[in-house]
Structures are given as C-alpha cells and as structure tokens.
Amino acid sequence: MDSADTTKIKERIIDILDKLFSDVGIDKNMLEFVDLIDDLGMDSIFFVSLMIELETEFGIRIPDEWMMLNKFQNFYLISNVVETLLNEKAMRVIS
C-alpha cells in the first residue's frame, strides 16, 4: 500500500469518525489524536456503528475476535486494522 492509499484511507476513517461523533462537537482535525473511549465516550452503540461503517466503507469483514473496544480506541488502531484487512483482501485476490 503506497502513501496515497494510506492518505485516502486516513481521510475516509476521519470522515466516518466525524460523522459518528458529530454531536460531541470535536474539531474534525483533532479526531486523529483523541482517545475515542476516554475523550469522546465511545460506548457499545457507537462501537457497533463504527464496525458497520468501516465494513461498509472499505468492503472488509472485521473478524469477531477483533471486535473489542480497546482494539478501536483511537484513529491509529483503527487505521491499522483497516489497512491489515485491506492488505489481506488484496492478497486473496492475487492468489
């Protein structure tokens, strides 16, 4: 995955977070740096919404064993999960 792909993924994740946490009133540019649980109060309802949005936006399937709040606590963890799953998806297509 090249830097252009990574940048596009980042923008798409930030857009999802901005949409989900629009009521919190946090600046979109800060979403990359906040703790979604401690700073924004992400609960199980927001978490399920986040999973659905990520799977839909990126055409991925998040394994059940990965669906834990602490694995999606901040932008960097989310980005890592999305990039990992996209890379796995690309490898299956190549094989």
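Helices (H or I, at least four residues) and strands (E, at least two) are taken as DSSP runs, numbered from the N terminus. I work on a predicted model, in which local features need pLDDT of at least 70 and side-chain atom pairs count only at pLDDT 80 or more, while totals for chains, interfaces and linings use all residues. Residues are numbered from 1 along each chain as its sequence is written, and side-chain values use heavy atoms, with hydrogens and water left out.

**Entry 1. Overall layout**

I looked up the secondary structure and found three helices and zero strands. The pattern along the sequence is α-α-α. The C-alpha trace spans about 45 × 30 × 20 Å along its principal axes. For 95 residues a compact globule would come near 12 Å, and the 13 Å of the chain agrees with that.

For contacts I use heavy atoms within 4.5 Å. Among contacts with a separation of 6 or more, 55% are between residues 24 or more positions apart. For accessibility I use a 1.4 Å probe on protein chains only: buried is under 20% relative accessible area, exposed is over 50%, and partly exposed is in between. On that scale buried residues make up 32% of the 95 residues.

**Entry 2. Nonpolar core**

In soluble globular proteins, nonpolar side chains tend to be buried together. I define a nonpolar core as a set of buried Ala, Val, Leu, Ile, Met, Phe, Trp, Tyr and Cys residues joined through side-chain atoms within 4.5 Å. The largest one here has 26 residues, and those that touch the most other members are Ile13, Leu50, Leu54, Phe58, Phe72, Ile78 and Val82. Two or more residues of this core come from each of α1 (3–20), α2 (44–58) and α3 (75–94).

I followed Phe58 further. Apart from neighbours within four places in sequence, Phe58 is in contact with Ile9, Arg12, Ile13, Ile16, Val82, Leu86 and Lys89.

**Entry 3. Methionine 42**

Met42 is in the loop between α1 and α2. Is Met42 buried or exposed? Its relative accessibility is 4%, so Met42 counts as buried. With neighbours within four places left aside, Met42 is in contact with Phe21, Leu36, Ile37, Phe47, Leu50, Leu69 and Phe72.

**Entry 4. Salt bridges**

Side chains of opposite charge can pair when their charged atoms come close. I count a salt bridge when a side-chain nitrogen of Lys or Arg is within 4 Å of a carboxyl oxygen of Asp or Glu. The structure holds six.

Lys10 and Glu32 form one of them, with the closest N and O atoms 2.9 Å apart. Lys10 is in helix α1 and Glu32 in the loop between α1 and α2, 22 residues apart, and the pair links distant parts of the chain. Lys10 is partly exposed at 31% relative accessible area, whereas Glu32 counts as buried at 13%.

Asp15 and Lys28 form another salt bridge, with the closest N and O atoms 2.6 Å apart. Asp15 lies in helix α1 and Lys28 in the loop between α1 and α2, so this pair ties together parts 13 residues apart in sequence. Asp15 is partly exposed at 41%, and Lys28 is partly exposed at 35%.

Asp64 and Arg61 meet at 3.6 Å, N to O. Both Asp64 and Arg61 are exposed. Glu55, Arg61 and Asp64 are linked in a network of salt bridges.

**Entry 5. Aspartate 35**

Asp35 is in the loop between α1 and α2. Its relative accessibility is 18%, so Asp35 counts as buried.

I then looked for other partners. A polar atom of the Asp35 side chain lies 2.7 Å from the backbone nitrogen of Asp38. Asp35 also touches Leu40 and Gln73, residues up to four places away in sequence not being counted. Asp35 and Ile9 are 26 residues apart in sequence and 19 Å apart in space, C-alpha to C-alpha.

Terms used: A polar contact is a pair of N or O atoms within 3.5 Å; within protein, one must be able to donate a hydrogen and the other to accept it, and residues adjacent in sequence count only if both atoms are side-chain atoms. The radius of gyration is taken over C-alpha atoms; the globule rule is 2.2 Å times the number of residues to the power 0.38.
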